[in-house]
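Let's take a walk through this model together. Have the picture open while you read, and look for each piece as it comes up.

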Amino acid sequence: MTSPPSPAYEGVPPTIEPLEVPIGERGLWRRMPKKVWVGVGIVATYILVALLAPVIAPYDPLLINPANSLASPTADHLLGTDQLGRDIFSRVLYAARVDLPIGFLGAFLPAIAGTLLGALAGFYGRWVDTVIMRTADVVQAFPAYILVIVLVFALGQGARSIIIAFTVLAWVVYARIIRGEVLRVRDLDYVHAARVAGLRNLRILRVHVFPNVINQTIVYLPSDIVFATLALASFSFLGLGIPPPTAEWGAMIADGQPFITTNWWFATVPGLAIVGLGLGLSLIGEGFEEALRG
Amino acid sequence: MSGNLLEVTDLRVTFDVHGRRVTPVDGVSLTLERGEALGIAGESGSGKSLSLKSIIGLLPPNATVGGDLRFALDQESPIPYAPADVHGHGISIIFQEPMTALNPTMRVGDLIAEGPKLHKGMGKKEAEERAIELMRLVGIPTPERRARMWPHQLSGGLRQRVMIATALSVEPQLLLCDEPTTALDVSIQDQILGLLQELRTRLNMAIIFVSHDLAVLGEICDRLAIMYAGRIVETGPVDEVFADPQHPYTEALMTSVPSFGATTDMLIGIEGRPPDPRDFPPGCRFAPRCDYAQEDCTAADHHLASVAPGRTTACIHPELIEGLGQ
């Protein structure tokens with residue numbers, strides 16, 4: 001058998017068909033609703049604050065001054081001082097350097113792990129699916145917060161343990177979402193066509209399946225960052241998060257709570273910092289959802 | 001070079017549905033010569049599409065395929081193969097729905113270039129040029145510009161042409177067509193059929209074309225196989241089958257289709273419904289709906305008997321068929 005004859009190209013009648021309006025790859029960004037940009041602005045401000053905290057904070061956040069504790073806001077101390085005389089404004093700024101990385105890592109790592117595991121489970125099926133999804137069942141069988149507390153105790157208090165605990169817990173959601181999507185996409189004609197074209201499994205998964213399911217992760221991720229940040233604040237509030245004296249919003253709320261009637265700004269401002277970040281991320285998440293799920 | 005390209009013997013597709021065995025394709029045998037175009041016609045659920053997909057192993061995991069499949073990949077005569085052997089070599093497929101047949105996250109040029117990159121060892125640049133050549137071959141105007149577009153920017157007809165270009169990128173000897181024109185409007189349908197016909201002659205490529213549309217099959221095929229309830233009930237050259245059907249189902253199928261400028265404007269539907277694959281009737285499966293059914297039909301074994309050179313029928317009483325109301 002000789003190889004099939006090489007195609008000749010002459011004489012193909014040109015076909016004129018109306019062109020649809022070219023949208024181009026920047027179409028997606030143009031389609032993003034305004035709220036995304038508002039959200040991006042808010043979150044970018046937080047990131048900027050975290051980066052520039054050493055420059056813009058008037059005081060060292062850990063500098064204790066017992067002589068000037070629980071001071072009211074003045075020109076010197078814009079938000080007063082806490083029970084140890086530390087500058088609250090500087091601490092709120094510095095706390096962004098703790099809460100942001102943990103919130104982002106604590107959401108990105110499970111998103112990556114869950115997306116990959118869910119894609120593998122859905123694409124390969126059989127025992128791969130069984131192992132991954134039964135593990136997910138086991139994780140989900142525990143009450144979420146209890147599991148994090150147990151893990152943090154086992155691994156020792158600190159940022160690293162919290163991120164690991166969030167990852168162990170939160171990958172499950174991504175795995176379930178992505179697995180379902182992969183099951184849908186796996187049997188679409190273009191995946192079949194890729195198989196018939198002789199592409200290997202890994203390439204089909206990477207090029208033909210993955211880009212078409214990743215939307216779901218992107219839509220869910222911003223709200224998960226909110227969750228991670230809130231969870232971190234909650235654990236710190238309970239004394240299980242970042243150990244003192246590090247400035248952290250949840251821990252600051254806990255510190256300020258006894259003084260809420262006299263120095264209301266002490267607990268409220270870190271609280272507002274969390275709310276603002278959550279708002280920005282939620283706007284991004286909602287906007288993504290509108291644009292991507294149409 | 002002539003000779004058989006594909007030989008399918010006693011193909012059986014069985015699904016295990018909640019412990020019950022269902023056999024929607026039940027003993028299909030086909031042969032296909034090099035460069036030949038075979039049409040498979042039948043209603044939805046007749047097993048025509050499943051038969052086609054089992055040739056290249058595109059069945060869901062809960063399906064089992066039985067029977068003997070042989071393909072002449074690089075040999076003189078067909079030899080047994082596994083679907084993975086012909087993936088990317090020798091056999092390609094195009095689908096019905098151009099919306100779902102192209103990866104929406106890939107530029108069409110990159111999509112077409114995948115095959116050449118993988119199987120011809122072409123570099124990026126070379127494969128891109130090859131993709132543009134292929135787009136030109138399937139009649140896509142300004143291919144250089146369109147290669148950089150995304151599938152959603154193309155019309156249905158152009159998408160179908162891209163799908164054909166992708167299928168051709170591995171230089172197949174056999175192109176499987178799973179109702180590729182059904183989702184297109186009639187004028188585009190005609191263009192695509194013309195294109196396939198032309199490519200077939202130019203590339204000496206065999207085609208199996210599955211459709212419920214007899215007019216489409218008549219336009220592109222040399223030979224026709226009519227499927228009913230998981231079995232082939234009649235085969236023969238297209239013109240002869242149309243002129244003188246030898247199975248009551250074929251006849252019924254033709255009288256139920258409107259034809260432009262027909263002498264009669266009567267359309268006759270087929271009584272009853274196609275049988276449920278979970279519960280096929282005994283003997284001839286068309287007997288319960290057949291106008292000519294005799295007592296012995298429900299006891300007849302399925303067997304394709306030769307009635308004329310190149311023509312077979314499963315009907316045991318073909319002499320009773322009156323012809324198409326001449």
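A crossing of two helices is called left-handed if the near helix is turned anticlockwise from the far one by less than a right angle, and right-handed if it is turned clockwise. Keep that in mind, and remember that what you're looking at is a predicted model.

**Chain A: helices**

So which way do α3(A) and α6(A) cross? α3(A) passes α6(A) in a right-handed crossing. The residues in this contact split into 24 nonpolar, six polar and three charged. Packed helices are described by the angle and the distance between their axes. Here, helix α3 (residues 88–124) of chain A and helix α6 (residues 159–186) of chain A have axes that come within 5 Å and cross at roughly 35 degrees.

Those two belong to a chain with 11 helices and zero strands. Of the 294 residues in chain A, 41% are buried. Look also at the contacts in chain A with a separation of 6 or more: 69% of them are between residues 24 or more positions apart.

Now find helix α10 (residues 249–256) of chain A. Why is α10 of chain A described as largely enclosed by the rest of the structure? It's because eight of its eight residues are buried. Among them are Trp249(A), Met252(A) and Asp255(A).

How confident is the predictor? The mean pLDDT of chain A is 83, and 89% of its residues reach 70 or more. Residues 1–26 of chain A are another story: pLDDT stays under 50 there, and the model has 34 contacts beyond four places in sequence for this stretch.

**Chain B: strands**

Over in chain B, four strands form an open antiparallel sheet in the order β2-β1-β4-β5. β2 (20–33) and β5 (79–80) of chain B stand at the edges with a single partner strand each, so one side of each has no neighbour in the sheet.

Strand β6 (residues 91–94) of chain B is covered on both faces. Ile91(B) and Ile93(B) are buried on one side, and Ser92(B) and Ile94(B) are buried on the other.

| Strand pair | Direction | Bridges | Facing residues |
|---|---|---|---|
| β1 (residues 4–17) and β4 (residues 63–71) of chain B | antiparallel | eight bridges | Leu6(B) and Phe71(B) |

Note on methods:
Residues are numbered from 1 along each chain as its sequence is written. Chains are lettered from A and ligands numbered from 1 in the order in which they are written. This is a predicted model: local features need pLDDT of at least 70, side-chain atom pairs count only at pLDDT 80 or more; totals for chains, interfaces and linings use all residues. Axes are lines fitted to C-alpha atoms, for helices over the stretch in contact, and angles run from 0 to 180 degrees between N-to-C directions. Ala, Val, Leu, Ile, Met, Phe, Trp, Tyr, Cys and Pro count as nonpolar, Asp, Glu, Lys and Arg as charged, and the others, Gly among them, as polar. pLDDT is the predictor's confidence in each residue, from 0 to 100. Two residues are in contact if their C-beta atoms, placed from the backbone, lie within 7 Å. A residue is buried if 20 or more other C-beta atoms lie within 10 Å of its own, exposed if 12 or fewer, and partly exposed in between; C-beta atoms are placed from the backbone. Two strands pair if DSSP finds at least two bridges between them.
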